[in-house]
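Open the model in your viewer and keep the selection panel at hand.

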Amino acid sequence: MTTATATATAASRRRRRSRSVLPTISTWTYIVISALIVLPPVVWIVSTSLKPEADTIKFPPEWIPNPITFDNYLGLLTATNIRFFINSLIYAAGSIVLALAISIPAAYVATRYRSRRMETLMTGILVLSMVPAIVVFIALYSMLVKTALINTYPMLIVVYTAIICGQSVLFLRNFIENISVGIEEAAAIDGCTRLQILWHIIIPLIRPGIAAIAIFIFVFVWNDYLVGTVLATTEDMKTVQNGIVRYITTGFGNFWGLFSAFIIVAFVPVLTIFVAFQRWFIAGLTSGGVKG
Amino acid sequence: MSIASSPRTQAPDAPPTSKVAVIRRRREDRRIWLYVLPVSAVFLFVFIGPLFYTAWTALHETTYYQIGEFSGLNSFVELISDPDLPSSIRTTLVFSLGALIIALPAGLLSGIVLNSLHRFKRSVRSLFLLTWLLSQATAGTIWLWFLNPNFGPATAITKSLGFGPTDVFSSPTTALLAVTLITAWWSYPQAMLLFLGALQTIPEELRESLKVDGGGLWHDFVNITLPFLRNTIVSVVIVLLMLYVQMVTIILVTTRGGPLGATETLSMRVFNQTFNDFNLSGASATAILLFTVNIILTLAAIRFRRKESL
Amino acid sequence: MIKKRWRFAVALAAAASLLATGCSGSASESEGPVTLTYWDFLDPSQDNPRAKALKENLANFEAANPDIKVELAVVSLGDMLNRLPQAAAAGQAPDVFKMFTPQVPQMAAAGAYSPLPAAASEITDWLRPIDTLAGPDGQVAVPYEYRTCAFYYNEKVLKQLGVEVPKTYDEVVTVAGKAAKAGVTGFGTGFSDADNSAIIATFFDCFMSQVDQPIWNAEGKADFATEKGIEFGNFLADLRDAGALASSVTSDTYGTVADGLANGTVAMTVLGTERIVTMASQNPDVKWTSLPTASTGDDTGATIGWTLGIGADSEHADAAWKFIEYMTGPKAAAVMATGGEVPTRAATYEEPFFSTPEAKTVNKIAEYVKSNSEPHTYADNWIAVATGLSQAGQDLYLNKKSGSDFITSAQDAANK
C-alpha cells in the first residue's frame, strides 16, 4: 500500500466515523420515541395486575403499585380460565400437527413435480387463502350450526389449519427448493420410494423451516380471537383470547386487576417462545417476503 | 438422466430409459396428486364450501339461520340501496388507508434502524416486535383500559393538561381515529419484518455506498435504498391492506362498530348483520362485496409478482 | 411405505376418535340417572356472593336428588339470545335456562321453550302475577328473582349542593344540572348496546310503566311515540342540555354507570334493585328510594328479573321442572337471598334467614317490589326495541336530536 492510498483510507475511515455519529443519534432518538409509544399500555397492564382490587380504580392512577400483590394472579386459577388455556393448547397443538402433516407432502410435490396443473392448484390455494376470514367463519357457522360438528375440537383445528396451510405450503416450498435434487436422485437410484425420500431426506433437511412454521402456527392459533368467538358456542370450548375479552364484557364488579393478570399470563407462552427461538420466529414471519 | 441436467425440477415427461420405468413413472405421477389431496380437501371444506354457501345464501331470503325462498339479487339491491353502505365503505377506506399511512413508514423506519444497529440488536428487535406479539384482542383491550375515561392514565394526563377525560370511544370521529391508530400500532411490526428481509439482501456495494457516499443520509435513502425496496413496498402495501380490510377483532373488542356506526367497516358490518340483526342474507351480500375487494387486491398482488419474476 | 401407511392409519384413527368425541355429546338417556343441561350467565368459579349462592344451591339439589345431575354451562345473556333460537332449531336446546323477563316472549316466539308441565300451576304464591311469562303455547317460564327500578342518589353530593332528594323528573333535571356544575355526572345513564342496552332499556321499561304507556299496541307493533313517550325523550334531552349526562354516555353501560355511582362520580341514576346490597357496601353515601314521577302517572315501575324455563324438545321435562321448582323454592331462594337477590315466592319469606337482621335489606326490597312494581306483557321484539333506544340515545347526544325525535326513531327502529 502506498502512502497515498493509506492516507485516503485513513481519511475515508475518519469520514466514516464522523458520519456515523449523526445516524446513531437519530437512531437512538427513534428507538426512544418508539419505546414511548409501544410501552405505556403494556406497563400499565403490568402495573394494574399487581395492584390490590381497590387500587385499580383509584383516581388519579398510580403507575407503581403500592402495595404490590399477586392476588390477581391467584384469582385467575378458576376452572373456567384453566379450561381456556387447555383449549387453546389443544387447538394449537392439533393445528401444528395437522398443518405439517398436510403441508409438507403438498409442498414437496409442488416443488419437485411442476406442471401447469400443479401451478394452477398452487395459485388456487393462494387465492383461496385470501378469502376474507370473517366470511369463512360466518358461512361455516351458519352451514354447520345445526349439526354436531360445530363447537368441537376437530372442527376448530381444521379451520385453523386451513387458514395457515396456504402460507405453510408456500413457505416450505422455498426451503425444499434449496435442497439440491441430486441427493434425491441418488436415493431414487438406490431404490428409495418417494415416500422414503420425503421422510428420511427432505424432512430432516428442512427442520429449521418446520420449526419456524410450527412456531408461527402456535402464535397464530394462540392469539386468534375470531375463530373461537364464532365457532365455539359454549364457554367450555372457548380460547384464551375469548377469556380476556370475557372480563370486559361480563366482568362483575371490579375486575380490572384480574383482567390485567390474565393478559399477562396469556402473553407468557408467546413471549417465551419468542425469546427462546427468536431466529426461527423471525424466519417464519418473513416467509411472506423475499426468498432466503 | 444426469445430475447436471434439470437442477431443480424433474419434468414428468422426461425421456424414459425403459418401458418398465415408464409405467412406474406414470403410476407415480398419478400418486403425486395423493400428496396434495389432504390440503385440497381441507381447502374444499373450509374455503370453497363456505364461499358457495355464502353466494347461495345471498340469493335467498333468510329467517334466523333458515334459508327461505329464492329472492334473486334482492339482497344485493338492498345492499346497494342501503343508506349506510356508503358510510361503511368510507369508514373502511379511512380506516385502511389511515392505518397504512402510519404502519408502512413506521415499519420501514424501524426496519432500517434495526438493520443499522450493531449492539443491542436483540433488545431493540424485541421492543419493536412487542406490539405484534400481543394478540389483536390484547391490543384492543389494553388500550381500552389505558384510555378508560374514569381510571386510565390517559385521562390523568389530559385532565392535568386542562382537557376533559379521554372519552375516545364515545364520539364518532375520535372512535374511528382511535381504532385506526390502535390497528397501526399493532400491525407495523409485520411491515417491519417484511422490510427486514429485503433490507438484509441489499448488496454489499450498495451498503458501502450508503455509508461513504457524499450527499447526506436522505440522498442515500431516496436514491439508493428506496428504488431497491420498491417491490417490497408494493408487497407490504398489499399485505397490510388485506389485513386492514379484513380486520374485525380490534374493532369488535373496542367499539363493535359504534358509536352510531362510525367504526363499522365492511367486515364489521358482515359480523354485525349476522350476529346482531340475524340478517344472514344481507350479511352474505356484504360478504360477497368484501370478497370482491379482496380479489382485486389479490389480483394486483399476483400481477405484481409475475412482473417481478420476469 | 409401511411407515407412511402406518402414519396415515394413526392419523385417521385419531381424527375418527376426535370426531367421535365431538359427536357423542348430544346423546342422552331417558331412563336411569338423568343429566340436565343448564345455561346460566353466572360463573360458579367466580368469587362473588351470587355465584357462590348458585354453587351451593346446585350442590344441594344434586344431593337431594341423587338420580339427577346438573351440567352447568356458563353462557352470557348476549350469547344466549344468539344461540337459543339456533340450538332449539337443531334440537340442542338446554334442558333449563335462565332468561331475562322482557326477552322471554321473544325467545318463546323463536321456539326456544317447552311449555311448563301441569305441575307448575300448583305453585300459587308468587309475589307478582306470572301470566306475562308466556309464549304462544302458554306458560313457559317462572320468575327466579325479582327486581324493579329504584332511584339511586349520592346523599353526600346532594347535601353539598343543598338540595332535597328530587321527587319528579323535572326536579331531577334541575338537581342534575347543579351537580354537573359541581363536577360530577348529574344523571347516570348509558347509550351503549354492548350489554344489550341494559341500562337505557330497563329505565325505559320502568318509565313507561310509571306513565301507563303500553309499549306495543294490540297488533304487536311498537307504539310508544305518544305524549307520554315523548316525555321520556324530553327528560333525556333536558339532561343533555343541562350538561348533566356523562361525556362518555354513548359508550356507557349498566356496569360503568354502577361503577360511577359506587366511586362517587355519578350523582343520581335509575338502576335495578339488585344493586342495592352491593352498592351499600361499596359506597355508604349512596341511598335509594322510589322513582321520581313524571307529569302523569305514579312511581310504579315494571317488575322484571331473571326467570327459569325449560328448553324446547327437552327429553327430561319432569326432571327439569323438579330443578326449577327447587331453585325457585324456599330453601334455594333463601340461599340466593344471601347473595342479594330477591326471592319470588311468599313461602320463602318464612325461612329462618328472613327473620335475621342480615335479611333486613332483602325484605325491604321485596316489599318495594310488591308495592312499587307491576309486571306487564312484552311483544316478541324486545331486543329491537332495546337496540333502537340505545341508537336513538347516541343520536340524541351526538347530534343534539330532540326528545320527540328520540322516541320516534326508537319506535321506528323497533318496527323495522
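Contact here means heavy atoms within 4.5 Å. The model is predicted: local features need pLDDT of at least 70, side-chain atom pairs count only at pLDDT 80 or more, and totals for chains, interfaces and linings use all residues. Residues are numbered from 1 along each chain as its sequence is written, chains are lettered from A and ligands numbered from 1 in the order in which they are written, and side-chain values use heavy atoms, with hydrogens and water left out.

**Stop 1: chain A**

Select chain A and switch to cartoon. Chain A has 15 helices and zero strands; helices (H or I, at least four residues) and strands (E, at least two) are DSSP runs, numbered from the N terminus. Of the 292 residues in chain A, 55% are buried, that is, under 20% relative accessible area with a 1.4 Å probe, protein chains only. Among contacts in chain A with a separation of 6 or more, 72% join residues 24 or more positions apart.

**Stop 2: chain A against chain B**

The contact takes 98 residues from chain A and 99 residues from chain B. Together the two chains bury about 9,000 Å², 76% of it on carbon and sulfur atoms; buried area is the accessible area (1.4 Å probe) that two parts lose on being put together, summed over both.

Nine residue pairs are in polar contact between chain A and chain B, both residues at pLDDT 80 or more. A polar contact is a pair of N or O atoms within 3.5 Å; within protein, one must be able to donate a hydrogen and the other to accept it, and residues adjacent in sequence count only if both atoms are side-chain atoms.

Select residues 21-49 of chain A next. This is helix α2, which gives 16 residues, the largest share of the side of chain A that touches chain B.

**Stop 3: the two domains of chain C**

Hide the other chains and colour chain C by domain: domain 1 is 34-146 + 304-374, and domain 2 is 149-302 + 381-414. These bounds come from an automatic or database domain assignment. Between domain 1 and domain 2 of chain C, about 1,700 Å² is buried, 62% of it on carbon and sulfur atoms. Seven residue pairs are in polar contact across this interface (both at pLDDT 80 or more).

Which elements give two or more residues to the side of domain 1 of chain C that touches domain 2 of chain C? Select α3 (77-89), α13 (360-372) and β14 (373-374) of chain C. The largest share, six residues, comes from α13(C).

Conventions. Buried < 20%, exposed > 50% of the residue type's maximum accessible area, 1.4 Å probe, protein only.
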